[in-house]
Amino acid sequence: MTIQPVRLFGDPILRARAAEVTEFDRELRQLVADLVDTMHDDGGVGMAAPQIGVGLRVFVYDTGDAAGHLVNPVYTVVGDEEQVGTEGCLSIPGVHYDTRRALRVRASGVDMHGAPVEFAAEGLLARCVQHETDHLDGVLFIDRLDPASRKEAMRTIRTSDWFTAGITVRESRGSGQPGPFGRSR
């Protein structure tokens, strides 16, 4: 088990577009394992490679109903229906807001061995796919908030202990704490 430090809001890697994965080797398999271990230790339901300081297009997920990983992911929205639900982020501790997302998506990419992966996602899994793919594009969930909520979120961030102390990397917070979408593991 290798639990990695989590990058926090303010770390430039969270705002950069991650690079496509081109080598499917032992290092990639270790990255996926590290992401899973760190996500589980932090009580999250998803985690993208930039959140542990790696600028590659990889994310992992575990919603309780579905678990896995996706390398070089893309998704398409299926239908017009939307969902609004509490969302947060392991890289923005203590900030949770209702966020609008597509209700259904079709995700595709490859696994850590380069084999094609494709699946339909709805509800929490669809939210997770969208949230984590955003991370790979340098987009944070607070960017998706309406202006008033975003302003409030930024005020919360700016007054948080970790932000005022200039902390942009933190050790994993451990099991049993709320996950990024308001769900405890």
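The legends below describe close-up views of a predicted model.

**View 1. The annotated binding-site residues C89, H131 and H135.**
An unreviewed UniProt entry places the feature "binding site" at C89, H131 and H135. Although these positions are spread over 47 residues of sequence, they cluster in space, with a largest C-alpha distance of 10.0 Å.

**View 2. C89 in the loop between strand 5 and strand 6.**
C89, one of the positions that UniProt lists under "binding site" in an unreviewed entry, is found in the loop that lies between strand 5 (82-88) and strand 6 (96-102). The relative accessible area of C89 is 5%, and because buried means under 20%, C89 is classed as buried.

With a relative accessible area of 2%, H135 is buried.

**View 3. P116 in strand 8.**
P116 is located in strand 8, which covers residues 116-122. Its relative accessible area is 75%, and P116 is therefore exposed, the cut-off for that class being over 50%. Not counting residues up to four places away in sequence, P116 touches G109 and V110. The C-alpha atom of P116 is separated by 14 Å from that of V58, a residue 58 places apart from P116 along the chain.

Note on methods. Residues numbered from 1 in each chain as written. Predicted model: local features only at pLDDT ≥ 70, side-chain atom pairs only at ≥ 80, totals over all residues. Heavy atoms only, no water. Helix = DSSP H or I, 4+ residues; strand = E, 2+ residues; numbered from the N terminus. Buried < 20%, exposed > 50% of the residue type's maximum accessible area, 1.4 Å probe, protein only. Contact = heavy atoms within 4.5 Å. UniProt positions renumbered as here; feature names shortened; annotations may be inferred.
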